Amino acid sequence: MKYGIQEKVIAFTFHQMLRDYYKKHFPEQNFNQIKRNITREYKAILQRTPDIGGSSLESNLVGAAYFFAVAKIIPYMTPELMDDMIAEEINSSFMKKIHSHEKKKGSIFKDKAQNKKLCEAKASQSSPYEMGWEFTYQKGKDEFWITYTKCGVYRLAQREKVTKYLPCMCKMDYPKYQLIGATLERSKTLASGDDCCNFHVTRQNSNTPGCF
């Protein structure tokens, strides 16, 4: 994968939020040095990871590369500490602000977004990309279903030998959907040894019953 504009923007965003976390919880640490080390490892992970052909899920893979770099660089990092870091970052006022428009519009439930996912799901069944996702998609009015049978983040964790942090990435899905006005229900994950990750996503305040 390349270390381009999108990747630099994602790193910059996470650096800013991680800096705030360090100021609050580890003020004695030299964050500038930590940031330099994370950036170096993050860039290295991206450059040794095969690309996935410009899929909309590429940002998920890039974000995971950042947090896996954090896990590798910080010697006292534990899955519990990473969970706490991620929770504070996702629930920050900054993240709520940048996703407020998407939440207000309910963008992920629009026909345009769902039809795009239907096309991507079909293409994923014959994708030639090693690090890509394979999934099916079922469209709904105020809900949709996605079943992932292959996951790029799962494969990246295996490649980088950081699988103990993989559940941290999975937990991110719940607050990420909340940020954009949706609720996730899921009873299986590949990270837990299941045969798939079964997403059922509903619009918040929707009366649509859950299916899992």
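Close-up 1. D195 is exposed at 54% relative accessibility, where exposed means over 50% relative accessible area, buried under 20% and partly exposed in between (1.4 Å probe, protein chains only). K188, partly exposed at 32%, pairs up with D195 in a salt bridge, with the closest N and O atoms 3.4 Å apart. A salt bridge here is a side-chain nitrogen of Lys or Arg within 4 Å of a carboxyl oxygen of Asp or Glu. This is a predicted model, so local features need pLDDT of at least 70 and side-chain atom pairs count only at pLDDT 80 or more, while totals for chains, interfaces and linings use all residues. Residues are numbered from 1 along each chain as its sequence is written, and side-chain values use heavy atoms, leaving out hydrogens and water.

**Close-up 2. E160 reaches K72.** These two side chains form a salt bridge at 2.6 Å, N to O. They come from distant parts of the chain, 88 residues apart: E160 sits in the loop between α8 (152-159) and α9 (166-179), K72 in helix α3. (Helices are DSSP runs of H or I, at least four residues, and strands are runs of E, at least two, numbered from the N terminus.) E160 is buried at 6%, whereas K72 is partly exposed at 35%.

**Close-up 3. D111 meets K139.** Another salt bridge joins this pair, at 3.2 Å, N to O. D111 belongs to helix α7 (residues 111-124) and K139 to strand β1 (residues 134-139), so the bridge ties together parts 28 residues apart in sequence. K139 is partly exposed, at 31% relative accessibility.
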